[in-house]
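Please open the model in your viewer and keep the sequence beside it. The tour below goes from one selection to the next and says what is found at each stop.

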Amino acid sequence: MTTPPVVGATPRMRAALTDLPGYVPGARPRIPDGVTAYKLSSNENPYPPLPGVLEVIAEAAADLNRYPDITAADLVAALSAQLDVPAECLVLGTGSVAVLGHVVAAACEAGDEVVHAWRSFEAYPLTVTVAGGTPVPVPLTSSGRHDVDAMAAAVTDRTRVVLVCTPNNPTGPVVSAAELDRLLDAVPSDVIVVVDEAYVEFVRAPGAADGLAAWRRRTNVVVLRTFSKAYGLAGLRVGFAVAHPAVARVLRTASVPFGVSTVAQRAATASLGARDELLARVDALVAERERVVAALAEQGWDLPETQANFVWLPLGEQTPAFVEAAAEKGLSVRPFAGEGVRVSIGEVEANDRFVELAAAWAP
């Protein structure tokens, strides 16, 4: 199909976005002949939704001619009860990344700064730039952890938001409770501190930061969580923020009306009702994570201490070659050019194949 000829100049777009690289999703696996392919590039839950949740999804599809409940009343009520959080403090969105976009848009004027660790979630600098803000990346420590003292030192009078990703994506370590408190003590109380807990259900480390506990003590803390990972609803896009009422009201104003679909609302509500069964699956994934980490350690890998559903291999310039070798084995992994690869914990066979591959690349 050819593009028709047009008359006139190209419309002017924001210069900050013209050359900004877009978000890079996890690649789909290549499927070699006779090999089962596995996608380990997107931190997805390998388990499908529970049968009861699938039934709710099918029933909800019958109402697709109607707009969703703009207040998401049933889901908000279920979250409020489970988290012991007032309903007025909950704000929903199409995944926690969308809610993050609402936070940044609500807090930042043009040129305001957002401090975040780097490397961390790839969407952070994109979200900030799209909102007209200025990302201020702060390097991780050599062990792949947030350097909270350096992050505190990066705060200026232009800072409006500080982002804390715990466990950190893509390296895996958590921020400790003591580290988070130290950061919160150093950040002015009129600066929002977002505690992004997309992988919180996978955390088993003693002393890890608890975003909700920090929120209960500090008016400037906003906690982000999602149904995409532990609850296995990545395809429905539903996440939420916990914020104090004055902040939550502004976030709702910044939100897209009717953003969370009826199907997503009902599936998330049903998943909360089956929380124990779903978290048993998370326990199985954590056990698989520990098995994989132990096998990699035996091979000689010195890896960041992951508390998420993925591991990080700091391969540096060998990253493209490793990605290609994985593809030849029917595995897709998430590369970060010149730095390393993130590999999700998936099915047992996929994890075994990954461990076997990693042995050939061990330092």
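In which loop is the place of Asp84? Select Asp84: its place is the loop between helix 3 and strand 2 (90–93). This is a predicted model, and the values quoted on the tour are computed from it. Asp84 has a positive phi of about 55°, although it is not a glycine. Most residues other than glycine have a negative phi. With a relative accessible area of 59%, Asp84 is exposed, because the cut-off for that class is over 50%.

**Helix 3 and helix 10**

To see the contact, show the side chains of Asp74, Leu75, Ala78, Leu79 and Gln82 on helix 3, and of Gln265, Ala268, Thr269 and Leu272 on helix 10. By class, the residues of this contact are five nonpolar, three polar and one charged.

Keep helix 10 selected. Its twelve residues reach 17 Å from the first C-alpha to the last, close to the 16 Å expected at 1.5 Å a residue. Colour its buried residues: Thr262, Val263, Ala264, Gln265, Ala267, Ala268, Ser271 and Leu272. They pack against helix 2 (51–60), helix 3 and helix 11.

Now move to helix 11 (residues 275–299). Helix 11 has 25 residues and spans 36 Å between its first and last C-alpha, close to the expected 36 Å. Its buried residues are Leu278, Arg281, Val282, Leu285, Val286, Glu288, Arg289, Val292 and Leu296. The elements covering them include helix 10, strand 9 (310–313) and helix 13 (348–359).

Helix 11 and helix 13 have axes 10 Å apart and pack at an angle of about 15°, so helix 11 is roughly parallel to helix 13. The crossing here is right-handed. On the helix 11 side, pick Glu288, Arg291, Val292, Ala295, Leu296 and Gln299; they meet Val348, Asn351, Asp352, Phe354, Val355, Ala358 and Ala359 of helix 13. The residues of this contact divide into eight nonpolar, two polar and three charged.

**Ile345**

Next, select Ile345, in the loop between strand 12 (340–344) and helix 13. Is Ile345 buried or exposed? Its relative accessibility is 3%, so Ile345 counts as buried. Setting aside neighbours within four places in sequence, Ile345 is in contact with Glu44, Pro46, Leu285, Glu288, Arg289, Val292, Asn309, Phe310, Val311 and Asn351. Among these partners, Leu285, Glu288, Arg289 and Val292 are also on the list of buried residues of helix 11. For a distance check, pick Lys39: Ile345 and Lys39 are 306 residues apart in sequence, but 9.8 Å apart in space from C-alpha to C-alpha.

**Asn43**

Go on to Asn43, in the loop between strand 1 (38–39) and helix 2. Its phi is near 55°, a positive value in a residue other than glycine. Asn43 is buried, with a relative accessible area of 1%.

**Helix 4 and helix 5**

Select helix 4 (residues 96–107) and helix 5 (123–130). Their axes come within 9 Å and cross at roughly 40°, which means that helix 4 is oblique to helix 5. Helix 4 passes helix 5 in a right-handed crossing. Val97, Leu100, Gly101 and Val104 of helix 4 meet Ala123, Tyr124, Thr127 and Val128 of helix 5. The contact residues are six nonpolar, two polar and no charged.

**Two cis peptide bonds**

Most peptide bonds are trans. Two stops remain for the backbone view. Trp118 and Arg119 are joined by a cis peptide bond, with omega about 10°; Arg119 is in the loop between strand 3 (113–118) and helix 5. The bond from Asn169 to Pro170 is cis, with omega near 25°. Pro170 is in the loop between strand 5 (159–165) and helix 7 (177–186).

Key. Residues are numbered from 1 along each chain as its sequence is written. This is a predicted model: local features need pLDDT of at least 70, side-chain atom pairs count only at pLDDT 80 or more; totals for chains, interfaces and linings use all residues. Side-chain values use heavy atoms; hydrogens and water are left out. Contact means heavy atoms within 4.5 Å. Helices (H or I, at least four residues) and strands (E, at least two) are DSSP runs, numbered from the N terminus. Ala, Val, Leu, Ile, Met, Phe, Trp, Tyr, Cys and Pro count as nonpolar, Asp, Glu, Lys and Arg as charged, and the others, Gly among them, as polar. The expected span of a helix is 1.5 Å times one less than its number of residues. Buried means under 20% relative accessible area, exposed over 50%, partly exposed in between (1.4 Å probe, protein chains only). Axes are lines fitted to C-alpha atoms, for helices over the stretch in contact, and angles run from 0 to 180 degrees between N-to-C directions. Angles under 35 degrees count as roughly parallel, over 145 as roughly antiparallel, 65 to 115 as roughly perpendicular and the rest as oblique. A crossing is left-handed if the near helix is turned anticlockwise from the far one by less than a right angle, and right-handed if clockwise.
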